[in-house]
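This report walks through one protein model, from its strands to the surroundings of its ligand. Please keep the sequence and the structure in view while reading.

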Amino acid sequence: MKRDEVRQVDSIAINEYGISGLVLMENAGRGAAERIAAWCDRSDAVRILCGPGNNGGDGYVIARHLELLGFAVDLVALVPPEKLSGDASANAMIAQRSGIPIVTAESVSELEQSIDGNHVLVDCLLGTGAKGAPRGLYHDAVRLANATDRKRVAIDLPTGLDCDTGQPSEMTFRADLTITFVAAKDGFQNPDAAPFLGHVETVGIGVPRVLLRRFGVV
Ligand SMILES: NC(=O)C1=CN([C@@H]2O[C@H](COP(=O)(O)OP(=O)(O)OC[C@H]3O[C@@H](n4cnc5c(N)ncnc54)[C@H](O)[C@@H]3O)[C@@H](O)[C@H]2O)[C@@H](O)CC1
Ligand SMILES: [K+]
């Protein structure tokens, strides 16, 4: 699926079918957490890197469900939770109130302290809303994450990878597992994307079959 198409599916599900964005995010995050749990060892500590938008919002949902599944999990927020908006803000507040550890990293040195080799790292930095190569702290977060030798998981798509062409930017998250929502993105077919995607799994987010049919997903 193209970037615009998958974003259209979300917005039609919300605006035409009346499914709240929070429900879609819950389904996405819960499904992703279940896949991560199946792929990791129970002894793995999981650290989720959260960006400014709804991809970051997914991260807060994933954390809550991984904790329920018995994992030690914490979050690194590149944007303080109180500065988020919409569904991402709602889920960040739930995670905060639930006592899930959240560290805010707003400088390179704070990122260096937070991104270490002791955790499975989950990339909820940027998703389908990304434009161009990761800038600023997002560039540094990907650089530091790629330098660790533990397992890495990308949510929806690896930060830095172009959704439509599959062209990796010069700083692209190198995932061992990519958990993507609704359908594989067109760019995933590009052989150059393969080393950054790792194994790809698709997770449904509960949009009705009739809508998936409109976009040729089923
Ligand atoms: N209701 C929905 O729309 C759903 C969205 N979902 C998730 O939401 C994601 C899309 O969320 P958003 O549209 O908020 O987009 P993103 O989460 O990709 O965030 C986009 C924001 O990142 C920043 N940004 C863009 N390009 C950048 C760059 N090159 N370097 C640094 N910062 C950059 C900008 O502030 C931009 O507004 C999907 O990939 C998916 O993970 C899922 O939760 C399913 C439901
Ligand atoms: K991502």
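## The sheet

Strand β1 (residues 45-50) and strand β2 (residues 72-77) pair in the parallel sense over six bridges, where pairing requires that DSSP finds at least two bridges between two strands. Helices (H or I, at least four residues) and strands (E, at least two) are DSSP runs that are numbered from the N terminus. Within this pair, Arg47 stands opposite Asp74 in β2. Strands of a sheet pair through backbone hydrogen bonds, either parallel or antiparallel.

Seven strands form an open sheet with parallel pairing, and their order is β3-β2-β1-β4-β5-β6-β7. At the edges stand β3 (102-104) and β7 (199-203), each of which pairs on one side only. Neighbouring strands of this sheet are turned by 20° against each other on average, direction ignored. Helix α2 packs on the sheet, touching β1, β4 (120-124), β5, β6 and β7, and its direction makes about 145° with that of β7. Such angles run from 0 to 180 degrees between N-to-C directions, with axes fitted as lines to C-alpha atoms, for helices over the stretch in contact; contact itself means that the C-beta atoms of two residues, placed from the backbone, lie within 7 Å.

## How the model is described

This is a predicted model, in which local features need pLDDT of at least 70 and side-chain atom pairs count only at pLDDT 80 or more, while totals for chains, interfaces and linings use all residues. Residues are numbered from 1 along each chain as its sequence is written, and chains are lettered from A and ligands numbered from 1 in the order in which they are written.

## Around the ligand

Ligand 1 is surrounded by 28 residues, the closest being Gly53, Asn54, Asn55, Gly127 and Gly129; a residue belongs here if its C-beta atom, placed from the backbone, lies within 6 Å of the ligand. Two or more residues of this shell come from each of α2 (21-39) and α3 (54-68), and α3 gives the most, with five residues.

## Annotated positions

The unreviewed UniProt entry places the feature "binding site" at Asn55, Asp123 and Thr159, although such annotations may be inferred rather than shown by experiment. These positions span 105 residues in sequence, yet no two of their C-alpha atoms are more than 10.0 Å apart, so they gather at one spot.

Asn55 is found in helix α3, whereas Thr159 lies in the loop between β5 (152-155) and β6 (177-181).
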